[in-house]
Amino acid sequence: MYDGKKNIAYTIFYSALEIAKSKLPNEEKSALEIWKKALENITPQVEVKSRRVGGATFQVPTEIRPDRKESISMKNLIIYSRKRGGKTMADKLAAEIVDAFNEQGGAFKRKEDMHKMAEANRAFAHFRF
C-alpha cells in the first residue's frame, strides 16, 4: 500500500486472488485457500540475527514469533511481486501467489535461503539468550 491508499490495495489484492484462481483451474480449492497455502509455503520458521560476542560477530539462528512470521512472508510476497514483469500489480501479485502455491518463485527462494543460512550457522545456536 502506497501513501495510505487502502481501497486501491484491496482492489489489487482481490483481483489478484481471482486471477490466481483462474490460473489454477484444476485446483478445487477456493481463492482464499490458495492464498493461505501460498502464504504458508513462503513463511520462514527461523532467521539469523547478528550477535556480537567478545569482538566477533556471529549469525545466530533464532526462531521467529508468529506475528513476525506472517509479516515477513507478506512483505516478501509484495517485494518479489513488485520485481516481477507483468502488466498490472494484480497480475504480478497473482503470478507470485501461484508460484508460492507451487513452491517456487522469489518469495519461496527467499524462505529457503533463510533456512539454509540458519542451518549453516546452527553451531552458534548456543549464543541465543
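Helices H1 and H2 pack at an angle of about 95 degrees, their axes 9 Å apart. Here helices (H or I, at least four residues) are DSSP runs numbered from the N terminus. Axes are lines fitted to C-alpha atoms over the stretch in contact, and angles run from 0 to 180 degrees between N-to-C directions. H1 is therefore roughly perpendicular to H2, a label for angles of 65 to 115 degrees.

Contact means heavy atoms within 4.5 Å. Phe13, Leu17 and Lys21 of H1 meet Ala31, Leu32, Ile34 and Trp35 of H2. These residues divide into 6 nonpolar, no polar and 1 charged. Nonpolar covers Ala, Val, Leu, Ile, Met, Phe, Trp, Tyr, Cys and Pro; charged covers Asp, Glu, Lys and Arg; the others, Gly among them, are polar.

The model is predicted: local features need pLDDT of at least 70, side-chain atom pairs count only at pLDDT 80 or more, and totals for chains, interfaces and linings use all residues. Residues are numbered from 1 along each chain as its sequence is written, and side-chain values use heavy atoms, leaving out hydrogens and water.

The largest nonpolar core has 21 residues. Such a core joins buried Ala, Val, Leu, Ile, Met, Phe, Trp, Tyr and Cys residues through side-chain atoms within 4.5 Å. Leu17, Trp35, Ile42, Leu77, Leu93 and Ile97 touch the most other members.

H4 gives the largest share, 7 residues.

Asn121 lies in the segment after H5. At 15% relative accessibility, Asn121 counts as buried, which means under 20% relative accessible area (1.4 Å probe, protein chains only).

Conventions: Buried means under 20% relative accessible area, exposed over 50%, partly exposed in between (1.4 Å probe, protein chains only). Helices (H or I, at least four residues) and strands (E, at least two) are DSSP runs, numbered from the N terminus. Angles under 35 degrees count as roughly parallel, over 145 as roughly antiparallel, 65 to 115 as roughly perpendicular and the rest as oblique.
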